[in-house]
Amino acid sequence: MAASPRAAMLCYAGCKDHRCEPHFLQSCFLCNKPLGFNSNIFMYRGDTAFCSKECRQEQIELDEAKEKSWKRSQASSSSSSSNASSSRASRKSESSKGGKAVRTGTVAVA
């Protein structure tokens, strides 16, 4: 059950009602340290709260490393698929140069 915006505000303001869902400003996203009502809160990507600059910076570095890893995996998978398609294209062009038709695939003989 989703809490209403008013209930979320009450949770953050110190409501003792345990039925409301935790608010994103209740604790640090990285270390789960409770965020004080009158303390500095360091935000990242809109709705991610941190207790300190250090926690926020660590999360930024984790996200950047994850993004670089993802980009590398995407580049390697796209280059391997483009290499396979280019080798197929070169085989087709070689067979057409000789004037011979070449069939590829599986043949079942009974």
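The following dialogue explains how several terms are applied to this predicted model.

Modeller: The model is predicted, so local features require pLDDT of at least 70 and side-chain atom pairs count only at pLDDT 80 or more, whereas totals for chains, interfaces and linings use all residues. Residues are numbered from 1 along each chain as its sequence is written, and side-chain values use heavy atoms, with hydrogens and water left out.

Colleague: What makes up the secondary structure of the protein chain?

Modeller: The chain has two helices and two strands, in the order α-β-β-α along the sequence. Helices (H or I, at least four residues) and strands (E, at least two) are DSSP runs, numbered from the N terminus.

Colleague: Which residues make up the largest nonpolar core?

Modeller: A nonpolar core is a set of buried Ala, Val, Leu, Ile, Met, Phe, Trp, Tyr and Cys residues joined through side-chain atoms within 4.5 Å. The largest such core has ten residues: Leu25, Cys28, Leu35, Phe42, Tyr44, Ala49, Phe50, Cys51, Cys55 and Ile60. Strand β1 (42–44), strand β2 (48–50) and helix α2 (53–97) each give two or more residues to this core. In soluble globular proteins, nonpolar side chains tend to be buried together.

Colleague: How many aromatic pairs does the structure hold, and why is the pair of phenylalanine 29 and phenylalanine 50 given its particular name?

Modeller: There are two aromatic pairs. Rings of Phe, Tyr and Trp (its six-membered ring) pair if their centres lie within 6.5 Å; planes under 30 degrees apart count as stacked, over 60 as edge-to-face and the rest as tilted. The ring centres of phenylalanine 29 and phenylalanine 50 are 6.0 Å apart and the planes stand at 80°, so this pair is edge-to-face. The pair links distant parts of the chain, since phenylalanine 29 lies in the loop between α1 (5–12) and β1, while phenylalanine 50 lies in strand β2, 21 residues apart.

Colleague: What makes the pair of tyrosine 44 and phenylalanine 50 stacked, tilted or edge-to-face?

Modeller: The ring centres of tyrosine 44 and phenylalanine 50 are 6.4 Å apart and the planes stand at 55°, so the pair is tilted. Both tyrosine 44 and phenylalanine 50 are buried. Together, Phe29, Tyr44 and Phe50 form one aromatic cluster.

Colleague: What does glutamine 59 touch?

Modeller: Contact means heavy atoms within 4.5 Å. Leaving aside residues up to four places away in sequence, glutamine 59 touches Phe29, Leu30, Tyr44 and Phe50. Glutamine 59 belongs to helix α2, and its relative accessibility of 11% is the reason that it counts as buried. Leucine 30 is in the loop between α1 and β1 and, at a relative accessible area of 28%, is partly exposed.

Colleague: How do you know whether cysteine 55 is bonded to the closest cysteine sulfur or too far for a bond?

Modeller: A disulfide is a pair of cysteine sulfur atoms within 2.5 Å. The closest cysteine sulfur to that of cysteine 55 belongs to cysteine 51, at 3.8 Å, which is too far for a bond. Cysteine 55 is buried, at a relative accessible area of 12%. The structure holds zero disulfides. Cysteine 31 is likewise in no disulfide, its nearest cysteine sulfur, in cysteine 28, being 3.6 Å away.

Colleague: What is the distance between the closest N and O atoms of glutamate 67 and lysine 71, and what do these residues form?

Modeller: A salt bridge is a side-chain nitrogen of Lys or Arg within 4 Å of a carboxyl oxygen of Asp or Glu. The closest N and O atoms of glutamate 67 and lysine 71 are 3.4 Å apart, and the two residues form a salt bridge. By this rule the count is one salt bridge. Both residues lie in helix α2, four residues apart, about one turn of the helix. Glutamate 67 is partly exposed at 38% relative accessible area, and lysine 71 is partly exposed at 49%.

Definitions and conventions: Buried means under 20% relative accessible area, exposed over 50%, partly exposed in between (1.4 Å probe, protein chains only).
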